[in-house]
Amino acid sequence: MTALSHLDALESEAIHILRETVAEVRNPAVLFSGGKDSIVLLRLAEKAFRPDRFPFPLLHIDTEHNFKEVIDFRDARAAELGETLIVRSVGDSIRSGRVHLRTPDESRNVHQSVTLLDAVQELGLDALFGGARRDEEKARAKERVISHRNAFGQWDPRNQRPELWSLYNARVAPGEHLRVFPISNWTELDVWQYIRREDLAVPSIYFAHKREVVERRGLLVPVTPLTPPRAGEKIRNLNVRFRTVGDITCTCPVASDAATVDQIIAETAVSTLTERGATRLDDQTSEASMELRKKEGYF
């Protein structure tokens, strides 16, 4: 008998979580941004539910400030799978008065919570699958695999349900919903090793390429119409890649020459900085910035 690899074990656990949740809830959706974690999540869904259609639609909360390469990939992958993609836009929330920006150039990232919770209510969702992992950031390390949200969409990190012996509690009262993280126990390295094993396509910005950047608060900020250089900042044309993909206004690349999946795996294996710590301006506003956003309904 061939021993299971660590990827086999993680895959098996994730498929169990997907199937167990679908059996317990009424109306789930899976969050799909076009990023590597949600790409892995869709591959796991294929293994869990094919040859049938997925028992849930794909849902993306679009800030309208995402990288074009990622949005193009999102649409192409959804079409390739033949699954329903629902997009709800922070821009629509702004235009309808549901979201008010303090300044025109304020990042829309934090305001995704409003649009997401509106979508949960509009679509009557009682569970959202997400690709978050515990190794990304300390607030995500606190969260359970199946994480309860109250009727206001809020998370209480001090009142979480126990998950002993992988026994999950998927019960919700009317108006409440769950966030479900099948790859919570995976690491960034596991994700890239699985992408290699399954030969999964990913957006091109994950691979090293030349890009104009400026240094700001210890990070490399891409030079774009949404993130122009500030007075005194020197534009540099560096070889970079993105470890995570998100809103342009808060997602930064890292210096890298990794142009293939194997090279990314080698680079990730020796990295000493967490994925979000190395790439996200929005997580650097305070020690508890992610936890505060999650309490309000963020992913």
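**Entry 1: the model.** I worked from a predicted model. I kept that in mind for every value below.

**Entry 2: the sheet.** I looked up the strand order first. Six strands form an open sheet, and I read the order as E3-E2-E1-E4-E6-E5. The pairing in this sheet is mixed. Next I checked the edges. Strand E3 (85-89) stands at one edge and strand E5 (146-149) at the other. Each has a single partner strand, so one side of E3 and one side of E5 are left without a neighbour in the sheet.

**Entry 3: E4 and E6.** I then went to one pair within the sheet. Strand E4 covers residues 127-129, and strand E6 covers residues 177-180. The two run parallel and are joined by three bridges. Which residue of E6 stands opposite Phe129? I found Val180 there.

**Entry 4: cavities.** How many cavities of 30 Å³ or more does a search of the whole structure find? The search gives two. I followed up the second largest cavity, with a volume of about 30 Å³. Its lining consists of Ala132, Arg133, Arg134, Arg140, Glu143, Phe181 and Ser184. I sorted this lining of the second largest cavity by class.

**Entry 5: a cis peptide.** I checked omega along the backbone. The peptide bond between Arg50 and Pro51 is cis, with omega of about 15°. Where does Pro51 sit? I placed Pro51 in the loop that lies between helix H2 (36-49) and strand E2 (58-62).

**Entry 6: Trp165.** I turned to phi. Trp165 has a positive phi, near 50°, and is a residue other than glycine. I located Trp165 in the loop between E5 and E6. Is Trp165 buried or exposed? Its relative accessibility is 75%. Exposed means over 50%, so Trp165 counts as exposed.

**Entry 7: Arg217.** I logged another positive phi. Arg217 is not a glycine, yet its phi is about 55°. I found Arg217 in the loop between strand E7 (209-216) and strand E8 (219-222).

**Entry 8: recap.** The cis bond joins Arg50 and Pro51. Positive phi values are logged for Trp165 and for Arg217. The edge strands of the sheet are E3 and E5.

Technical notes:
Residues are numbered from 1 along each chain as its sequence is written. This is a predicted model: local features need pLDDT of at least 70, side-chain atom pairs count only at pLDDT 80 or more; totals for chains, interfaces and linings use all residues. Side-chain values use heavy atoms; hydrogens and water are left out. Two strands pair if DSSP finds at least two bridges between them. Helices (H or I, at least four residues) and strands (E, at least two) are DSSP runs, numbered from the N terminus. On a 1 Å grid over the protein atoms alone, a cavity is a set of points where a 1.4 Å probe fits but cannot get out, and a pocket is an open set with protein on both sides within 12 Å along at least five of seven lines; lining residues have an atom within 4 Å of a point. Grid points are joined across faces, edges and corners, and a volume is the space filled by probe spheres set on the points. Buried means under 20% relative accessible area, exposed over 50%, partly exposed in between (1.4 Å probe, protein chains only).
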